[in-house]
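Work through these exercises with the structure open. Each task is followed by a solution in steps.

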Amino acid sequence: MSVVRLLGFATLPCGCVVGRYREVATSREVAYVEEKGPACTSHLHKRNHTLVSPTLARSRSAPSEARVS
Ligand SMILES: [Zn+2]
């Protein structure tokens, strides 16, 4: 199991909520689908499924929600 740091959350246009994480060992950014959007039709978006797509980092994200301490 790898150690990851939470970077923040983002909502995709399809309605899915993803959490963005930085893998400490590799400095790679990964994203997990936290919540499947009710209107989402993408079979690639599954809960707790990993998305490796740095571009989705541009989606809406609220810095105030990014803190988990
Ligand atoms: Zn989706």
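**Exercise 1**

Where is the place of proline 38?

Solution. Some ground rules come first. This is a predicted model; local features need pLDDT of at least 70, side-chain atom pairs count only at pLDDT 80 or more, and totals for chains, interfaces and linings use all residues. Residues are numbered from 1 along each chain as its sequence is written.

- Step 1. Proline 38 lies in the loop between E3 and E4. Strands (E, at least two residues) and helices (H or I, at least four) are DSSP runs, numbered from the N terminus.
- Step 2. Count C-beta atoms, which are placed from the backbone: 20 or more others within 10 Å of a residue's own make it buried, 12 or fewer exposed, and anything in between partly exposed.

**Exercise 2**

State how confident the prediction is, and where confidence is lowest and highest.

Solution. The score is pLDDT, the predictor's confidence in each residue, from 0 to 100.

- Step 1. The mean pLDDT of the protein is 81. Of its residues, 72% reach 70 or more.
- Step 2. Confidence is highest in strand E1 (residues 4-11), with a mean of 94. Confidence is lowest in strand E4 (residues 50-51), with a mean of 84.

**Exercise 3**

Derive the strand order of the sheet and identify its edges.

Solution. Start with the elements.

- Step 1. The protein has 4 strands and 0 helices. Along the sequence the pattern reads β-β-β-β.
- Step 2. Two strands pair if DSSP finds at least two bridges between them. Strands of a sheet pair through backbone hydrogen bonds, either parallel or antiparallel.
- Step 3. The 4 strands form an open sheet, ordered E1-E2-E3-E4, with antiparallel pairing. E1 and E4 stand at the edges with a single partner strand each, so one side of each has no neighbour in the sheet.

**Exercise 4**

Solution. Take the pairs in sheet order.

- Step 1. Valine 4 has glutamate 23 in E2 as its bridge partner.
- Step 2. In E3, glutamate 35 stands opposite valine 17. Valine 33 in E3 faces valine 18. Valine 30 in E3 faces tyrosine 21.
- Step 3. Alanine 31 stands opposite leucine 51 in E4.

**Exercise 5**

Which residues take a positive phi in the hairpin of E1 and E2 and in the hairpin of E2 and E3? Then check asparagine 48.

Solution. Go turn by turn.

- Step 1. The hairpin of E1 and E2 has 5 residues between its strands. In its turn, glycine 15 has a positive phi of about 105 degrees.
- Step 2. The hairpin of E2 and E3 has 5 residues between the strands. There, serine 27 takes a positive phi near 60 degrees, and serine 27 is not a glycine. Serine 27 is exposed because 7 other C-beta atoms lie within 10 Å.
- Step 3. Asparagine 48 sits in the loop between E3 and E4. Its phi is positive, about 65 degrees, although asparagine 48 is not a glycine. Asparagine 48 has 9 other C-beta atoms within 10 Å, so asparagine 48 is exposed.

**Exercise 6**

Locate arginine 47 and list its contacts beyond four places in sequence.

Solution. Work outwards from the backbone.

- Step 1. Arginine 47 is in the loop between strand E3 (29-35) and E4.
- Step 2. Arginine 47 counts as exposed because it has 11 C-beta neighbours inside 10 Å.
- Step 3. Two residues are in contact if their C-beta atoms, placed from the backbone, lie within 7 Å. Leaving aside neighbours within four places in sequence, arginine 47 is in contact with Val33 and Lys36.
- Step 4. Glutamate 35 is 12 residues from arginine 47 in sequence, and 6.0 Å away in space, C-alpha to C-alpha.

**Exercise 7**

What percentage of the 69 residues is buried, and what percentage of contacts between residues at least 6 apart joins residues at least 24 apart?

Solution. Read off both totals.

- Step 1. Buried residues make up 10% of the 69.
- Step 2. Among contacts between residues at least 6 apart in sequence, 34% join residues at least 24 apart.
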